Amino acid sequence: MSKLTKNQKAALAKFDSKKLYKLTEACELVKEVNYAKFDASVELSVRLGVDPRKANQMVRGVVTLPHGTGKTTRVLVLCTPDKENEAKEAGADYVGLDDYIEKIKGGWTDVEVIICTPSVMGKVGPIGRILGPRGLMPNPKTGTVTMDIAKAVTEVKAGKIDFKVDKTGIIHTAVGKVSFTPAQLNENAVELLNTITKLKPQALKGTYMKSVYVSSTMSPGIAVDIKSIGAAE
């Protein structure tokens, strides 16, 4: 086991790693225990009692965080020429079709979100093997395959994110930056947790939300008392 650094020891001394904190307290503490010299992301790690290998227990959804993520989200819109102005006016960073598909085939994926219209899915499908593993494949369920390009781009820029339980049953996603106020972090976290709660699979037997931790990019995780957020058990 590697030795703790001076910063790690100082961070751990500021809270009780065995205690369950109220979400509001955790959102205050995560700012105090952060020792990164940059504006680190604040993440929520939610362990669910689901078996992701079973289709009827897969948890995936979208949520618009009230205060955004604090990140600049680069958006690529793949569409036909008649939709290009709509995409550009809405704030898309990159707009096009064939030229960007060729760039992606060559290894370019320098964006966080890709949005497209249903009519171009035939061209997007073949690059799914590149986009899928990176979480970039457009999907109607997350609102990234749509005719309303302007709305989709605006929502993503405003803080709309999609999340998905991983193979170990955990959802990891950013809910802001350490520069956010504790209240902003708390409101973003509550919005995400409420959305996850609503997505509880009907097929699940037993406890749904098993644990919740708040952490920043380089800080230790702070355990949250699930009862303090009213999450469904």
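In this predicted model, the cover over the buried residues of helix H7 includes strand E3 (75-78), helix H3 (84-90), strand E5 (113-116) and strand E6 (160-164). Two of the elements named here, E3 and E5, belong to an open three-stranded sheet, and E6 turns up again in the lining of the largest pocket. A second open sheet has four strands. Here is a short tour, topic by topic.

**Helix H7 and its buried face**

- H7 spans residues 149-158, and its buried residues are Ile149, Ala152, Val153 and Val156.
- Looking down the axis of H7, these buried residues fall within an arc of 95 degrees, so they line one face of the helix.
- Just after H7 comes Gly159, which has a positive phi of about 120 degrees.

**The three-stranded sheet**

- The strand order is E4-E3-E5, and the pairing is parallel.
- Strand E4 (94-96) and E5 are the edges, each with a single partner strand, so one side of each has no neighbour in the sheet.
- On average, neighbouring strands of this sheet are turned by 15 degrees against each other, direction ignored.
- E3 and E5 run parallel and are joined by four bridges; Val75 stands opposite Val113 in E5.
- H7 packs on this sheet, where it touches E3 and E5, and its direction makes about 165 degrees with that of E5.
- Helix H4 (residues 98-105) lies across E3, E4 and E5, and runs at about 115 degrees to E4.

**The largest pocket**

- The volume of the largest pocket is about 920 Å³.
- Its lining has 33 residues, of which Glu112, Gly135, Ile161, Asp162 and Phe163 are the closest to the centre.
- Elements giving two or more residues to this lining are strand E2 (60-64), E5, H7, E6 and strand E7 (170-177).
- E6 provides the largest share of the lining, with five residues.

**The four-stranded sheet**

- Here the order is E7-E1-E8-E9, with antiparallel pairing.
- E7 and strand E9 (222-224) are the edge strands, and each pairs on one side only.
- From one strand to the next, the twist averages 25 degrees.
- Three bridges pair strand E8 (residues 209-216) with E9 in the antiparallel sense, and Val212 has Val224 in E9 as its bridge partner.
- Helix H8 (residues 182-198) packs on the sheet and touches strand E1 (41-48), E7 and E8; the direction of H8 makes about 155 degrees with that of E7.

Note on methods:
Residues are numbered from 1 along each chain as its sequence is written. This is a predicted model: local features need pLDDT of at least 70, side-chain atom pairs count only at pLDDT 80 or more; totals for chains, interfaces and linings use all residues. Side-chain values use heavy atoms; hydrogens and water are left out. Buried means under 20% relative accessible area, exposed over 50%, partly exposed in between (1.4 Å probe, protein chains only). The arc is that of the directions from the helix axis to the C-beta atoms. Contact means heavy atoms within 4.5 Å. Two strands pair if DSSP finds at least two bridges between them. Axes are lines fitted to C-alpha atoms, for helices over the stretch in contact, and angles run from 0 to 180 degrees between N-to-C directions. On a 1 Å grid over the protein atoms alone, a cavity is a set of points where a 1.4 Å probe fits but cannot get out, and a pocket is an open set with protein on both sides within 12 Å along at least five of seven lines; lining residues have an atom within 4 Å of a point. Grid points are joined across faces, edges and corners, and a volume is the space filled by probe spheres set on the points.
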